[in-house]
Amino acid sequence: MKKELRNSWVDHAKALGIILVVYGHVARGLVSAGIMHDSDLYRLIDSVIYSFHMPLFFFLSGLFFVESRRRRGISGTLATKIDTILYPFIVWSIIQGGIEVSLSNYTNGSLAWRDVFQMFWQPRAQFWFLYALFFVFALALIIYKSKSSRSILTVLAISSAAYILQGLLADHRIILYIADNFVFFALGVAFTHFSLEDRTGNRDALVKCASVVLLVFIALEIALHSNGKNYTDKGFISLSAAMAGIFMIVFISMITACAGIRILGTVGAMSMSIYLMHIISGSGARILFGKIMGIHDPGTHLALGTLAGLFIPLLAALAMNRIGMDFLFAPPKLLSAGRRLERLRSAPQSNPR
């Protein structure tokens with residue numbers, strides 16, 4: 001498989017993942033607002049999506065970890081994650097929290113400023129992912145000391161056990177975040193290490209792989225949701241269903257990348273900006289359509305809210321970058337941990353006398 005395809009399918013996977021994220025949050029918002037009924041079908045779709053869409057993003061984050069650590073070292077990789085994960089987490093937690101405080105009379109919940117600044121020990125809304133991902137990266141920098149296949153498989157096995165047995169672990173937010181998500185990051189590391197993306201030779205092979213994985217995914221989701229259970233019931237079946245969902249998206253993304261569907265590449269490349277702003281956009285769309293325009297049809301709300309959650313952030317991010325407001329997404333030079341580390345490394349060393 002060509003290098004360009006190996007790079008582009010990741011953006012396509014991010015696009016499919018962020019579409020599911022936006023849809024899920026818009027649907028939940030509509031149910032909370034009483035616009036859409038909390039039906040059995042809604043709960044099933046919600047549970048199926050939540051069983052694998054965030055594990056997918058941890059998996060994608062693990063794909064380039066080993067290469068990043070090789071090029072930047074431990075300190076360089078950590079500095080990069082401070083810039084690309086921790087910085088936007090803080091900035092957008094404050095921005096979104098401030099908007100929620102100001103508009104609490106129009107949204108589904110009430111929020112005070114004291115709640116906003118609890119982000120460092122109690123992240124709010126969608127920002128839990130960035131919070132958890134930073135600690136996952138920090139732990140990975142400690143754990144992955146060897147690039148051997150045995151070491152990588154050992155980490156994957158131990159993290160799988162931690163996921164399945166997380167009910168026995170200490171009830172601490174960071175510990176549970178790591179137990180719940182590190183296994184998918186480790187799966188991404190293993191996927192890249194064993195070059196599994198090179199095992200598929202052409203589009204026909206990809207379609208066959210996707211079809212098989214889809215059937216496995218459906219079977220596991222049926223098993224997971226039997227007897228009234230849902231995605232919150234952690235265990236071997238939940239882990240297997242999440243992994244099957246991840247590989248289903250991987251093969252579909254490879255197919256769409258082969259087909260050259262550019263819109264997915266664009267959405268995937270902007271997925272971080274969409275993730276940061278989609279709650280604001282989706283909630284704003286719900287208020288506009290429902291309370292101002294008087295639209296109450298749940299299907300219309302769901303479709304327009306999802307589109308708004310995807311494309312308003314995308315266009316807003318492009319506009320902000322053009323007018324010099326990119327500091328909302330990445331730290332300026334004076335605040336960049338990565339640039340500060342580069343300056344320290346490039347500074348001439350004084351010779352002792």
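Mentor: The model is a predicted one. By the ring-centre rule, the count comes to 25 aromatic pairs. One of them joins Phe52 and Phe217: the ring centres are 5.2 Å apart and the planes stand at 80°, so this pair is edge-to-face, the class for planes over 60 degrees apart. Phe52 sits in the loop between helix H2 (40–50) and H3, whereas Phe217 belongs to helix H9 (residues 203–224); the pair thus links distant parts of the chain, 165 residues apart. Both Phe52 and Phe217 are buried.

Another edge-to-face pair is formed by Tyr131 and Tyr177, with 6.0 Å from centre to centre and 70° between the planes. Here too distant parts of the chain are linked, since Tyr131 is in helix H6 (residues 128–143) and Tyr177 in helix H8 (residues 173–193), 46 residues apart. Tyr131 counts as buried because its relative accessibility is 8%, under the 20% limit. Tyr177, at 15% relative accessibility, also counts as buried.

Tyr131 and Tyr177 are in turn members of a cluster linked by ring pairs, which also includes Phe57, Phe58, Phe89, Trp128, Phe129, Phe134, Phe135 and Tyr275. Phe57 and Phe58 are among the buried residues of H3. Helix H3 (residues 53–62) is mostly covered, with 10 of its 10 residues buried.

How values were computed. Residues are numbered from 1 along each chain as its sequence is written. This is a predicted model: local features need pLDDT of at least 70, side-chain atom pairs count only at pLDDT 80 or more; totals for chains, interfaces and linings use all residues. Side-chain values use heavy atoms; hydrogens and water are left out. Buried means under 20% relative accessible area, exposed over 50%, partly exposed in between (1.4 Å probe, protein chains only). Helices (H or I, at least four residues) and strands (E, at least two) are DSSP runs, numbered from the N terminus. Rings of Phe, Tyr and Trp (its six-membered ring) pair if their centres lie within 6.5 Å; planes under 30 degrees apart count as stacked, over 60 as edge-to-face and the rest as tilted.
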